[in-house]
Amino acid sequence: MSVSSNSFPVIIFMFIFLVTLASHSFAKSTANTTRRPRQLSVDYYAKSCPLVDQLVGSVTSQQFREAPVSGPATIRLFFHDCFVEGCDASVLITTRMGSKLTEKDAEDNKDLAVEAFDSIKKAKSLVESKCPGVVSCADILAIAARDFVHLVGGPYYQVKKGRWDGKFSIASRVHSNLPRVNSTVDELLQLFKSKGLTLEDLVVLSGAHTIGFAHCHHFLNRLYNNKGTKQPDPNIDTRLLKALKMSCPQVGGNSDIVAPFDVTTPFSFDSAYYGNLEAKLGLLASDQALFLDPRTRPLVQNLAKDKQKFFQLFAAAMDKMGSIGVKRGRRHGEKRKDCSMHMS
Ligand code: HEM
């Protein structure tokens, strides 16, 4: 389920509940993706579409005003694009009648919010009206993700461009290329390494969970039956556990209910996510694991107290993630007119 406007009241309920809690507790396929990235550049469209950043920016700022959930949703969409077949907008392709399922329809992508796809669609249509057939959907997604990071209060950084859109989008490629909520730190490190990303990138990019929401089913086991023990995860704050259990019953709960990743400042991009991990307030097992593992803990502690450093490293890590498996040229890529459909 996506975090649609229908589920907004549910979000609000959860938000009020958890912020109350927080105020009490805080009085204080990988082979092709490991290749050296082809060169991208900030001024790639200097001649062909010099205003591309502004054009996308006008859409993202309006979209953010009208539907703020587009922010976290688009940042996540970019991540899911880059990790599967590289940053090539393959996640935007819609399954055609009678054809094999595309990435978008893979189980792991089912809860990508519709607002994220809408943002890219609107931005593409404006860009096409000014510079037809020039700018790839993959670049528009990278620019939009950056815009939303900034709109929610995060760092602004230059986006390098020059990605072409991918010619393939296959649902079965998704699962093995995305992290799972119960992945161990070893597994996360291995996956990130297969994309050319480091331990630091893992910890820093996970900081995107300073905003956004997760549906109950992603953390239900932690609340009721952690690792088959029929007990809650001992590494979760007891008040958070109680609050989450009330919103997310073990059986029969409303599948639209979501909880904020960052219980203290859910709507602002800051380093509170890391402080939360120190206080056992991580939402997913994979978040909390970053504090529990001695290899990643020092960086979590560091970032918890240094927002500027988090911002600087996050901008650099987004740039690096945005270079994964980039395609260039007609042989490997295409420039789609409609981001949801291949050219031929
Ligand atoms: C490291 C392992 C990661 C895991 C296991 C993970 C898993 C998840 C899950 C399960 C959700 C909730 C989806 C839902 O219920 O709707 C989510 C949301 C989100 N993820 Fe991650 N994620 C990871 C890393 C990342 C990275 C690297 C980024 C971006 C750089 C990212 C950005 C987001 C954002 C912004 C949301 C909120 C989406 C929304 O509210 O619509 N995540 N993630």
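Residues are numbered from 1 along each chain as its sequence is written. Since the model is predicted, local features need pLDDT of at least 70 and side-chain atom pairs count only at pLDDT 80 or more, whereas totals for chains, interfaces and linings use all residues.

Neighbours within four places in sequence left aside, A144 is in contact with V56, T60, T74, S119, I120 and A123, contact here requiring that the C-beta atoms of two residues, placed from the backbone, lie within 7 Å.

Helix 4 (residues 70-83) and helix 5 (residues 114-130) have axes that come within 8 Å and cross at roughly 80°, the axes being lines fitted to C-alpha atoms over the stretch in contact, with angles running from 0 to 180 degrees between N-to-C directions. Helix 4 is therefore roughly perpendicular to helix 5, a label for angles of 65 to 115 degrees, while those under 35 count as roughly parallel, those over 145 as roughly antiparallel and the rest as oblique. On helix 4 the contact is made by S70, A73, T74 and L77, and on helix 5 by E115, A116 and S119.

Elsewhere, helix 12 (residues 285-292) has 7 of its 8 residues buried, so it is largely enclosed by the rest of the structure. A residue counts as buried if 20 or more other C-beta atoms, placed from the backbone, lie within 10 Å of its own, as exposed if 12 or fewer do, and as partly exposed in between. The cover over the buried residues of helix 12 includes helix 7 (185-194), helix 8 (199-206), helix 9 (220-224), helix 11 (272-278) and helix 13 (297-304).

P155, in the loop between helix 6 and strand 1 (165-166), is partly exposed, with 18 other C-beta atoms within 10 Å. Residues up to four places away in sequence not counted, P155 touches V149, H150, F311, F314 and A315.

The chain as a whole comes to 14 helices and 4 strands, where helices (H or I, at least four residues) and strands (E, at least two) are DSSP runs numbered from the N terminus.
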